[in-house]
Amino acid sequence: NAGGRRIRILDRAPLSAKSSLVLARVDNREVLLAVGGDNVTFCRELIVDEIDQEMEQVCDQEDGGTSSL
């Protein structure tokens, strides 16, 4: 990311009028943050490969194993 931004906001999901969850990429890591008022709280780091594997397992269970992600 030479010369580029190291922090990007990937998505934001409102929880209430003053709070939201924010998915951000910092360098090559994705993190979930809770944002509300003047506070930002680190929730967890997300590992994309693990999320993809979990989604594939859920899809396989729902359609009897015929899914191909």
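In this predicted model, residues 24 or more positions apart account for 0% of the contacts in the protein chain with a separation of 6 or more. The chain has 69 residues, and 12% of them count as buried. Its accessible surface comes to about 5700 Å². Carbon and sulfur atoms hold 49% of that surface.

**Fold**

The protein chain contains one helix and four strands. Read from the N terminus, the order of elements is β-β-β-β-α. The four strands build an open sheet, ordered 1-2-3-4, with antiparallel pairing. Strand 1 and strand 4 are the edges, each pairing on one side only. From one strand to the next, the twist averages 25 degrees. Strands of a sheet pair through backbone hydrogen bonds, either parallel or antiparallel.

| Strand | Residues |
|---|---|
| Strand 1 | 7-14 |
| Strand 2 | 19-26 |
| Strand 3 | 29-36 |
| Strand 4 | 39-46 |

Strand 1 and strand 2 pair in the antiparallel sense over seven bridges. Arg12 stands opposite Val22, a residue of strand 2.

**A closer look at Asp38**

Where does Asp38 lie? Asp38 sits in the loop between strand 3 and strand 4. Is Asp38 buried or exposed? Asp38 has a relative accessible area of 82%. The cut-off for exposed is over 50%, so Asp38 counts as exposed. Lys18 is 20 residues from Asp38 in sequence. In space, the two are 9.8 Å apart, C-alpha to C-alpha.

Key
Residues are numbered from 1 along each chain as its sequence is written. This is a predicted model: local features need pLDDT of at least 70, side-chain atom pairs count only at pLDDT 80 or more; totals for chains, interfaces and linings use all residues. Side-chain values use heavy atoms; hydrogens and water are left out. Helices (H or I, at least four residues) and strands (E, at least two) are DSSP runs, numbered from the N terminus. Buried means under 20% relative accessible area, exposed over 50%, partly exposed in between (1.4 Å probe, protein chains only). Contact means heavy atoms within 4.5 Å. Accessible areas come from the Shrake-Rupley method with a 1.4 Å probe; for residues, only the protein chains shown count as cover. Two strands pair if DSSP finds at least two bridges between them. Axes are lines fitted to C-alpha atoms, for helices over the stretch in contact, and angles run from 0 to 180 degrees between N-to-C directions.
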